[in-house]
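Please work through the exercises below with the sequence and the three-dimensional view open side by side. Each exercise gives a task and then a solution in steps.

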Amino acid sequence: MLLPVEDDPVSLRIMSGIDEETLEKLRSAALKVAGNAYAPYSKFCVGAALLLDDGSVVTGCNVENISYGLTSCAERNALFRAISERGPGRRIRAFAVANRDGAPCSPCGACRQVMSEFVTPDAVVCFSDRKGPQTRRFAELFPFTFVFEPETEA
Ligand SMILES: [Zn+2]
């Protein structure tokens, strides 16, 4: 039986052009930076590592706030750092999300929307869910991206 492409790690690597060693480095970088998280309320320390199209890796961790609603996720913090340091022209080829508890931790909906403006069409995402480690195409995680295309008046 042929697996759907999204369930076949080899197909994902071939499509994205990113080898397993690189993805493992991203996972490790995400786990390491989770140690910098500011999470005194949830104690849930999360890290994210982005592989940009220039080959660089940018990391971020979650930063909580006592108001809870102002908490910012690791993925968005990594992206904002990447834009701040390298400008808005870079694109994300892959990113990994990890936490120090080994708990399921896929990118939240808000992060998926924000990341959607900066990922390459074949970008892949590494995270863990209840079944264990996953590597998925970003497009599979977030297939119906919000777009704003107002009609222009002639
Ligand atoms: Zn998030």
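The exercises that follow concern a predicted model, and they go from the overall layout to single residues.

**Exercise 1. Describe the overall layout of the protein chain: how many helices and strands does it have, and in which pattern do they follow one another?**

Step 1. The secondary structure consists of 5 helices and 5 strands.

Step 2. Reading along the sequence gives the pattern α-α-β-β-α-β-α-β-β-α.

Step 3. The chain has 154 residues, of which 35% count as buried. Among its contacts with a separation of 6 or more, 60% are made by residues 24 or more positions apart.

**Exercise 2. Work out the order of the strands in the sheet, and state which strands stand at its edges.**

Step 1. Begin with β1 (residues 46-52) and β2, which run antiparallel and are joined by 5 bridges. As a landmark for this pair, alanine 49 has threonine 59 in β2 as its bridge partner. The two strands form a hairpin with 4 residues between them, and in its turn glycine 55 has a positive phi of about 90 degrees.

Step 2. Turn next to the pairing of β1 with β3, which is likewise described by bridges: there are 7 of them, and the strands run antiparallel. Here leucine 50 has phenylalanine 95 in β3 as its bridge partner.

Step 3. Strand β4 (residues 119-129) pairs with strand β5 (residues 132-137) over 6 bridges in the antiparallel sense, and these strands form a hairpin with 2 residues between them. The bridge partner of serine 128 is proline 133 in β5.

Step 4. Put together, the 5 strands make an open sheet with mixed pairing, in the order β2-β1-β3-β4-β5. The edges are taken by β2 and β5, each of which has a single partner strand, so one side of each lacks a neighbour in the sheet. On average, and with direction ignored, neighbouring strands of this sheet are turned by 15 degrees against each other.

**Exercise 3. Examine helix α2: which of its residues are buried, and what covers them?**

Step 1. Check the length of the helix, which has 14 residues (residues 20-33): at 1.5 Å a residue it should span 20 Å, and this agrees with its end C-alpha atoms, which are 20 Å apart.

Step 2. The buried residues of α2 are Leu23, Leu26, Arg27, Ala29, Ala30 and Val33. They lie on the same side of α2, because the arc they cover around the axis is only 165 degrees.

Step 3. Exposed residues Glu20, Glu21 and Glu24 are carried by the face of α2 that is turned away from its buried side.

Step 4. The cover over the buried residues of α2 includes β1, β2, β3 (92-99), β4 and β5. Taking alanine 30 as an example, and leaving out residues up to four places away in sequence, one finds that it touches Gly47, Ala48, Ala49, Thr59, Ala96, Val97 and Ala98.

**Exercise 4. Identify which residues of the largest nonpolar core touch the most other members.**

Step 1. Of the 39 residues in this core, those that touch the most other members are Leu26, Ala30, Ala49, Leu50, Phe95, Ala96 and Val97.

Step 2. At least two residues of this core come from each of α2, β1, β2, α3 (74-86), β3, α4 (109-115), β4 and α5 (138-141).

**Exercise 5. Decide for lysine 43, tyrosine 68 and threonine 135 whether each is buried or exposed.**

Step 1. Lysine 43 lies in the loop between α2 and β1, and although it is not a glycine, it has a positive phi of about 60 degrees. It has 10 other C-beta atoms within 10 Å and is therefore exposed, given that the cut-off for this class is 12 or fewer.

Step 2. Tyrosine 68, located in the loop between β2 and α3, also is not a glycine and has a positive phi of about 60 degrees. With 9 other C-beta atoms within 10 Å, tyrosine 68 is exposed.

Step 3. Threonine 135 belongs to strand β5, and it counts as buried because it has 21 C-beta neighbours inside 10 Å.

Note on methods
Residues are numbered from 1 along each chain as its sequence is written. This is a predicted model: local features need pLDDT of at least 70, side-chain atom pairs count only at pLDDT 80 or more; totals for chains, interfaces and linings use all residues. A residue is buried if 20 or more other C-beta atoms lie within 10 Å of its own, exposed if 12 or fewer, and partly exposed in between; C-beta atoms are placed from the backbone. Two residues are in contact if their C-beta atoms, placed from the backbone, lie within 7 Å. Two strands pair if DSSP finds at least two bridges between them. The expected span of a helix is 1.5 Å times one less than its number of residues. The arc is that of the directions from the helix axis to the C-beta atoms. A nonpolar core is a set of buried Ala, Val, Leu, Ile, Met, Phe, Trp, Tyr and Cys residues joined through C-beta atoms within 7 Å. Axes are lines fitted to C-alpha atoms, for helices over the stretch in contact, and angles run from 0 to 180 degrees between N-to-C directions.
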